[in-house]
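Reader: Hi! Could you walk me through this one in plain words?

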Amino acid sequence: MTNSYLYQGEVFHRRLSPMEHHFAYSIYYFYLDLAELDSFFKRSWFCSTSRWSPIRFKRTDYLGEPEVSLEQAVRQAALDEKEFS
């Protein structure tokens, strides 16, 4: 069982004046359990954490030192913020 999912939705806009105008387009959102990053992205050829792909999650693009898992970095940042509030 996984906690991570890809959600699909639609954005719609409509204006009636000064002239009628409308558009709609699809949107996609990842809900990622940080403990599942590698296993979640291994399920598809178009997602990856380690090789080029249309959707690539690079650890170095996110919080903290890349040697530390993103899950650990986020938890530590939340603890640090809690100490200062």
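**A chat about the model**

Author: Happy to! R75 is exposed, with a relative accessible area of 54%; exposed means over 50%, buried under 20% and partly exposed in between, using a 1.4 Å probe and protein chains only.

Reader: Before we go on, what kind of model is this?

Author: The model is predicted, so local features need pLDDT of at least 70 and side-chain atom pairs count only at pLDDT 80 or more, while totals for chains, interfaces and linings use all residues. Numbering starts from 1 along each chain as its sequence is written, and side-chain values use heavy atoms, with hydrogens and water left out.

Reader: Thanks! Back to R75: which side chain does it meet in a salt bridge?

Author: That of E71, at 3.3 Å from N to O. A salt bridge here is a side-chain nitrogen of Lys or Arg within 4 Å of a carboxyl oxygen of Asp or Glu. E71 and R75 are about one helical turn apart, because four residues separate them in helix α2.

Reader: And is E71 buried, exposed or partly exposed?

Author: Partly exposed, at 26% relative accessibility.

Reader: How many salt bridges are there in the structure?

Author: Two. R14 takes part in one with E20, where the closest N and O atoms are 3.8 Å apart. R14 is exposed too, at 51% relative accessible area.

Reader: Switching topic: in what order do the elements run?

Author: From the N terminus, β-β-α-β-β-α, which gives two helices and four strands. Helices (H or I, at least four residues) and strands (E, at least two) are DSSP runs, numbered from the N terminus.

Reader: Nice. How do β1 and β2 pair?

Author: In the antiparallel sense, over eleven bridges, with β1 covering residues 5–15 and β2 residues 21–31. Strands count as paired if DSSP finds at least two bridges between them. β1 and β2 make a hairpin with five residues between them. Within this pairing, H13 has F23 as its bridge partner, and Q8 stands opposite Y28.

Reader: Where would I look for a pocket? What lines the largest one?

Author: The lining is L34, A35, L37, D38, T49, F57, R59, V68, S69, L70 and E71. Helices α1 (37–41) and α2 (70–84) are the elements that give two or more residues to that lining.

Reader: What counts as a pocket, though?

Author: On a 1 Å grid over the protein atoms alone, it is an open set of points where a 1.4 Å probe fits, with protein on both sides within 12 Å along at least five of seven lines; lining residues have an atom within 4 Å of a point.

Reader: How much space is in the largest pocket?

Author: About 160 Å³, the volume being the space filled by probe spheres set on the grid points.

Reader: One last thing: how spread out is the protein?

Author: The elements run β-β-α-β-β-α, and the radius of gyration is 18 Å, well over the 12 Å from the globule rule for 85 residues, so the protein is more spread out than a compact globule. That radius is taken over C-alpha atoms, and the rule is 2.2 Å times the number of residues to the power 0.38. The C-alpha trace spans about 55 × 40 × 25 Å along its principal axes, and 18% of the 85 residues count as buried.
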